[in-house]
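Trainee: I would like to learn how to read a model like this one, going from the whole fold down to single residues. Could we look at it together?

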Amino acid sequence: MGDEARTLDVITLGRASVDLYGQQLGGRLEDMASFAKYVGGSPTNTAIGAARLGLKSGLITRVGADHMGRFILESLAREKVDARGVVTDPHRLTALVVLGIVDKETFPLIFYRENCADMAIDMADIDSDWLASARALVVDGTHLSQPGVFAASLAAIRTVKAAGGRIAFDVDYRPVLWGLTARDMGEQRYIANAEVSERLATVAPLCDLIIGTEEEMRVLGGHDDLIEALRRVRAMTEAVLVCKLGADGCVIIDGPVPPRVADGLMVPGFPIEVMNVLGAGDAFSAGFLRGWLGGESLQTCGRWANACGAIVVMRHGCAPAMPSFDELQAFLAMPHPLSAQALSELDHIHWARTRHRDYDPLMVLAIDHRFQFEELSEATGADETRISAFKTLALRALDRLAEGDAAFGVLLDGRYGSQALSAAAHMTYWIGRPIEIPRSRPLRFEGGPDVGLEIMSWPANHVVKCLLTYHPDDEPALRAEQERQIVILADACRRSGHEFLLELILPSAPPAAADTRSRAMQRFYDLGVRPDWWKLEPVADAGVWRHIAEVIADNDPLCRGVVLLGLAAPEAELLEAFAVATRFDCVKGFAVGRTIFQEAAEQWLTGGLDDEGAMAAMASRLGRLVEGWRSMQDAARSVEQKDDVA
């Protein structure tokens with residue numbers, strides 16, 4: 001099969017687990033109080049890393065029919081990894097790994113893998129045509145420790161080689177998984193063992209590329225001296241040998257093994273501050289594969305691999321830390337060692353390029369209002385306990401119209417909308433949630449002054465929305481306090497992994513000009529705040545939007561964009577603003593509330609509408625705005641295309 005006929009660049013085979021990383025650094029696992037949950041397992045990490053670097057990757061493994069297995073499958077889908085080779089095992093649980101970071105050299109880990117799902121990989125489960133469609137297969141040394149998976153690995157190798165594909169071997173030696181050390185010694189990386197060397201050596205002759213650390217090459221070659229071990233490996237195979245040297249980079253040997261490591265193709269590493277070495281090897285493999293399968297020189301392959309490993313070493317976690325290709329290129333272009341500013345820019349590229357799902361358009365029913373509902377409840381004489389029920393009806397109205405379309409979303413609060421938030425968790429829609437105390441100026445946060453602690457309790461897919469009444473010419477003390485709060489919030493969102501939507505509303509005074517909103521946005525950019533989303537007033541003035549578009553383009557071209565708020569404006573007024581705003585690419589949609597639900601809420605609370613009538617009314621109003629937005633966006637893009645042709 002020629003490369004032009006292949007649908008995948010690479011398939012990895014082996015472990016898939018959930019990593020539970022201790023969030024407290026510098027302590028024992030016994031003293032960890034909380035853990036971050038990530039996808040793990042060397043082949044799974046490599047598949048995700050390869051996909052982020054632009055390769056079409058697939059994975060062969062097994063996961064349990066459990067919550068952790070579904071987490072892995074959903075993560076693979078978000079990362080665009082082909083999961084047709086992932087089998088859900090109804091009889092075994094997904095593997096877990098508990099890890100900690102004590103210091104730059106100590107990383108305790110415990111593997112929970114007894115009879116786990118991925119140890120039951122069976123090639124009878126795998127479509128051989130799909131497997132043969134890959135340009136390369138990466139097999140993993142750990143899985144060779146079990147007879148069944150060893151046989152499956154050999155069968156996969158034969159299938160890919162018969163189709164003309166290439167074989168890469170990541171030695172990935174974990175003595176504890178070969179039963180060579182106590183179960184609490186998962187961090188131990190090298191114990192010489194003749195049986196392990198013999199088992200690994202059965203795969204080496206079948207390979208085109210072998211990647212391993214110094215310790216892994218020693219165990220593969222069956223000798224404690226690295227050069228002698230490499231010579232023994234060379235006697236088994238003509239594969240390109242890549243030996244990882246930690247901070248010193250790597251050495252690549254394509255041909256006879258030289259008398260000294262330094263006489264090979266040495267590719268230096270990068271001077272970086274180490275946080276966590278776990279996962280760096282998987283990033284290294286992904287980076288090397290990106291170059292190797294792309295026809296790059298071995299020097300370039302090694303440089304990309306070293307860079308990917310260096311990037312991951314600076315971060316907490318494995319798969320989530322993998323860089324995108326844009327991030328890799330930015331890292332390579334930066335002066336080293338990296339300055340604080342360069343690190344900040346790199347982190348922003350990483351954050352923006354690894355956000356999942358693009359939204360264009362995004363059409364949101366905003367029903368996160370709190371004091372407005374309290375006032376409405378008092379005015380109608382309705383019990384405040386009914387507010388929660390109405391917000392659930394609003395979510396059902398959205399779902400009735402959207403029918404699962406991920407271009408829709410909902411803004412809901414945790415006070416009256418908690419029931420609806422729980423229901424929304426099982427739907428496909430974008431979810432935003434307010435953090436501000438309503439009408440607070442200066443800004444105050446729900447849940448107390450420690451906003452970071454508050455949002456850490458929120459599900460990861462909740463977008464943190466903050467409404468700020470702000471003018472760039474506000475009285476200095478007020479402006480400074482509000483800006484300080486937003487800086488704290490933006491930092492907390494990045495640390496917790498939540499997207500951030502900043503809603504800016506101008507106060508009635510001082511007066512506003514065409515550039516007032518853009519000046520306010522620029523002020524926050526100058527403070528280092530880069531929201532994922534902006535939520536702005538529905539202004540039917542092209543000059544205002546031109547200023548806004550320029551500020552976003554100049555400061556954060558990776559920004560997701562702007563959604564228009566409603567301010568209880570009549571439909572006709574909103575549609576007029578839509579007609580202007582849709583001409584600007586940075587404007588992605590709307591998040592409108594009272595225009596849609598106000599009348600239905602009043603009638604429902606007073607008994608004038610039943611549940612069905614309220615849902616129908618809200619779905620109808622939302623539907624008209626959706627139709628208007630889509631038609632105006634289509635018209636604006638049609639004009640752009642004609643202009644491009646002209």
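Trainee: How many helices and strands are there in the protein?

Mentor: Before counting, note that this is a predicted model, in which local features need pLDDT of at least 70 and side-chain atom pairs count only at pLDDT 80 or more, while totals for chains, interfaces and linings use all residues. Residues are numbered from 1 along each chain as its sequence is written, and side-chain values use heavy atoms, with hydrogens and water left out. Helices (H or I, at least four residues) and strands (E, at least two) are DSSP runs numbered from the N terminus, and the protein has 21 helices and 21 strands. Its radius of gyration is 28 Å, close to the 26 Å that the globule rule gives for 646 residues, so the protein is as compact as a globular protein of that length; the radius is taken over C-alpha atoms, and the rule is 2.2 Å times the number of residues to the power 0.38.

Trainee: What percentage of the 646 residues is buried?

Mentor: Buried means under 20% relative accessible area, exposed over 50%, and partly exposed in between, with a 1.4 Å probe and protein chains only. By that criterion, buried residues make up 56% of the 646.

Trainee: Which residues touch the most other members of the largest nonpolar core?

Mentor: In soluble globular proteins, nonpolar side chains tend to be buried together. A nonpolar core is a set of buried Ala, Val, Leu, Ile, Met, Phe, Trp, Tyr and Cys residues joined through side-chain atoms within 4.5 Å. The largest has 84 residues, of which Phe390, Leu504, Trp534, Trp545, Phe590 and Met618 touch the most other members. A second, separate core of 45 residues includes Val149, Tyr173, Val203 and Leu230.

Trainee: Where do the buried residues of helix 6 pack?

Mentor: A contact means heavy atoms within 4.5 Å. In helix 6 (residues 214–221), the buried residues are Glu216, Met217, Val219, Leu220 and Gly221, and they pack against strand 9, helix 5, strand 10, helix 7 and strand 11. Helix 6 is followed by Gly222, whose phi is positive, near 70°.

Trainee: Is His462 buried or exposed?

Mentor: His462, which lies in strand 17 (residues 462–469), is buried, with a relative accessible area of 4%. Not counting residues up to four places away in sequence, His462 touches Leu421, Ile431, Arg433, His498 and Glu499.
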